[in-house]
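Please keep the sequence and the model in view while reading.

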Amino acid sequence: DVLNPAPHPTVEVRVSYGGTTVQPGAVLGQADVSSIPTVRVSGATAGEWFALAMVDPDAPSPDHPTAREWLHWLVLNLPAPAPDAPDGVLFSPGSAQGTILTEFRPATPPRSEERV
């Protein structure tokens, strides 16, 4: 289960798609999240390693979460950004770092079950 509330973080994580940084509680459209995001961390210590899991906690919709906790992406073995890296990029499109266990799967909401 996704933890609510999340435990107190030891690093700050920022996710952005193109030039748009995701804010907590934001609702993004399918077109907004169709490509691999850039993930940045600040406050990491050299020598730390990270796992990145992107899940949809209420798929396909908050009102009917029948596929809750849908896994969109899983990357392990991500080394902390170098302390002198000003942007703190942990993972970005085209990155060769980490071990990808689940390739990025963009949002693909189910088609309506209504038949025309």
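In which sense do β1 and strand β2 pair, and over how many bridges? The two strands pair in the antiparallel sense, over 2 bridges. The model in view is predicted, so that local features need pLDDT of at least 70 and side-chain atom pairs count only at pLDDT 80 or more, while totals for chains, interfaces and linings use all residues. Residues are numbered from 1 along each chain as its sequence is written, and side-chain values use heavy atoms, with hydrogens and water left out.

Some terms are needed at the outset. Strands are DSSP runs (E, at least two residues), numbered from the N terminus. Two strands pair if DSSP finds at least two bridges between them.

Strand β2 comprises residues 20–21, and within the pairing of β1 with β2, Tyr17 stands opposite Thr20. The two strands form a hairpin with 2 residues between them. In the turn, Gly18 has a positive phi of about 60 degrees. Strand β1 (residues 12–17) is also joined to β3, by 5 bridges, and these two strands run antiparallel.

Attention now turns to a sheet. It is open and consists of 3 strands in the order β4-β5-β7, with antiparallel pairing. β4 and β7 are the edge strands, each pairing on one side only. From one strand to the next, the twist averages 10 degrees; axes are lines fitted to C-alpha atoms, and angles run from 0 to 180 degrees between N-to-C directions. Between β4 and β5 there are 7 bridges. Trp49 has Pro79 as its bridge partner in β5, and Val55 stands opposite Leu71 in that strand. On the β7 side, 3 bridges join β5 to β7, and Val75 stands opposite Ile100.

Leaving aside neighbours within four places in sequence, Val75 is in contact (heavy atoms within 4.5 Å) with residues including Phe50, Leu52, Phe91 and Ile100. Val75 is among the residues with the most contacts inside the largest nonpolar core, as are Phe50, Leu52, Trp73, Leu78 and Leu90. This core has 15 residues. A nonpolar core is a set of buried Ala, Val, Leu, Ile, Met, Phe, Trp, Tyr and Cys residues joined through side-chain atoms within 4.5 Å; buried means under 20% relative accessible area, exposed over 50%, and partly exposed in between (1.4 Å probe, protein chains only). Strands β3 (38–42), β4 (49–56), β5 (70–79) and β6 (89–91) each supply at least two residues of the core. In soluble globular proteins, nonpolar side chains tend to be buried together.

Finally, the structure holds 2 aromatic pairs. Rings of Phe, Tyr and Trp (its six-membered ring) pair if their centres lie within 6.5 Å; planes under 30 degrees apart count as stacked, over 60 as edge-to-face and the rest as tilted. The rings of Trp73 and Phe91 have centres 5.0 Å apart and planes at 80 degrees, and the pair is therefore edge-to-face. Trp73 lies in strand β5 and Phe91 in strand β6, 18 residues apart, so the pair links distant parts of the chain. Trp73 and Phe104 form an edge-to-face pair as well, at 5.6 Å centre to centre and with 85 degrees between the planes. Phe104 lies in the segment after β7 (99–102), 31 residues from Trp73. Trp73 and Phe91 are both buried, and Phe104 is buried too. Together, Trp73, Phe91 and Phe104 form one aromatic cluster.

How values were computed
Helix = DSSP H or I, 4+ residues; strand = E, 2+ residues; numbered from the N terminus.
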